[in-house]
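Let's take a walk through this protein together, from its overall outline down to individual side chains.

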Amino acid sequence: MTKKSKTAIVAALVLLAAGAVAAIEFYKFYYDRKMPNFTGTTELYIYPETSVDEALSMVLGSCGPKNVKSVGRSFSGVSSVKPGHYTVSASDPSIYVARMMSNGWQTPVNLTLSGTMRQKSVIAKKIGSQMLVDSATVAAALEDEALLSKLGFEKKDVFALFIPDTYQVYWTDPVETVLERQKAAYDAFWTPENVAKAKAQGLTRMEASVLASIVNGETNHEPEMPSIAGVYLNRLHVGMKLQADPTVAYCFDYQLTRVLNKHLQVDSPFNTYKYAGLPPAPICVPSKAALNAVLNPDKHGYIFFCASPDFNGTHRFAVTLAEHMRNARAFQQALNDRNKSR
């Protein structure tokens, strides 16, 4: 073999090697950017101060990568990751996940506000348990008159701002954004039709929220809410005091196990046994069902109601005081009998 031939062979081998290296690098480039590299869908939460290496470890440990080296290569060019909630899907290539965390391309989370919310601390805990913002920050915001005034509310009536539902938010949203989202839901609920319904009952939007909060305090049984709303509206229309036990419980920060006669003497504008009309603000967050009950009350002549002796969460209604007293005695007797059997 001539020297020229040897040189040609070496050159060819070098070209082949270079081509092979180029092919391998191209495959890596293509795989990292185009090929699905994960075995399922995984939810990841990146907290502030999380390093790139920590984020990489989370992806490697939780997302089931098919090609570990591909993930490592993709994160090697990342200088920092942003806090947030991220969803890694089976169809994602490695580079997308790295860029997602680097650029803060979050997936929204569901913020569910439901159940009994009679204290601001409960609202704060519900939000704080589902988002990055801590409950103390939320609690402080609910006392911030300057912040609330921008939304058209005061700290005394902030319960009315909340419309219980499930909302899509970003996990890292600040409390101001959460409250603005509530204001949007509040405005969406109070359509011209609903405002007109409240007016037909002689109520403003806030007064409807106040009465709905009392209805919520009386029952969790939604089918009965329109009847209870009707009772309180009947009392308002005839100038009778509302005499609502939940308003007295509110005066004692809901620490009472039972409302007794001595508690009815508490001197508070929220005590509807002592003062006529509606209290000055809601006593809890009114549910949509309670709000709709106030706007669409049952039309009846009932003035009184008391708990059913069946202890099933329902009530018995009455037009006259005499009828109401019979119902009350039946409930008291059933309560005494139940206590004796224990």
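Ser 94, Ile 95, Val 97, Ala 98, Met 100, Met 101 and Ser 102 are the buried residues of helix 4. Keep in mind as you look at them that this is a predicted model. Helix 4 covers residues 94-103, and because seven of its 10 residues are buried, the rest of the structure largely encloses it. The cut-off behind that word is a relative accessible area under 20%. Follow the chain just past the end of helix 4 and you come to Gly 104, which takes a positive phi of about 75 degrees.

Now zoom out to the whole protein. Its secondary structure comes to 14 helices and six strands. Along the principal axes, the C-alpha trace spans about 125 × 50 × 35 Å. The radius of gyration is 32 Å, whereas a compact globule of 342 residues would have one near 20 Å. Of the 342 residues in the protein, 41% are buried.

Next, let's look at charged side chains. Side chains of opposite charge can pair when their charged atoms come close. One partner of Glu 143 is Lys 120, with the closest N and O atoms 3.1 Å apart in their salt bridge. Glu 143 sits in the loop between helix 6 (135-141) and helix 7 (145-150), while Lys 120 belongs to helix 5 (residues 120-128), so this pair ties together parts that are 23 residues apart in sequence.

Taken together, Lys 120, Glu 143 and Lys 155 are linked in a network of salt bridges. Glu 143 counts as partly exposed because its relative accessibility is 39%, and Lys 155 is likewise partly exposed, with a relative accessible area of 34%.

Is Glu 193 buried or exposed? At 52% relative accessibility, Glu 193 counts as exposed, whereas Lys 197 is partly exposed at 25%.

Our last stop is the surface. Asp 144, Glu 145, Glu 154, Glu 176 and Glu 180 form a negative surface patch. Within this group, Glu 180 is found in helix 8, which runs over residues 175-189. Its relative accessibility of 47% is why Glu 180 counts as partly exposed; the exposed class is for residues over 50%. Helix 8 also holds Ala 188, and this alanine is exposed, with a relative accessible area of 53%. Finally, trace a line from the C-alpha atom of Ala 188 to that of Asn 327: the two atoms are separated by 41 Å, and the residues are 139 apart along the chain.

Methods:
Residues numbered from 1 in each chain as written. Predicted model: local features only at pLDDT ≥ 70, side-chain atom pairs only at ≥ 80, totals over all residues. Heavy atoms only, no water. Buried < 20%, exposed > 50% of the residue type's maximum accessible area, 1.4 Å probe, protein only. Helix = DSSP H or I, 4+ residues; strand = E, 2+ residues; numbered from the N terminus. Patch = residues over 30% accessible without salt bridge, like charges linked within 9 Å, V, L, I, M, F, W, Y side chains within 5 Å. Areas by Shrake-Rupley, 256 points an atom, 1.4 Å probe, with all protein chains shown as cover. Salt bridge = Lys/Arg side-chain N within 4 Å of Asp/Glu carboxyl O. Lys, Arg positive; Asp, Glu negative; His and termini not counted. Charge placed at Lys NZ, Arg CZ, Asp CG, Glu CD. Rg over C-alpha atoms; globule rule 2.2 N^0.38 Å.
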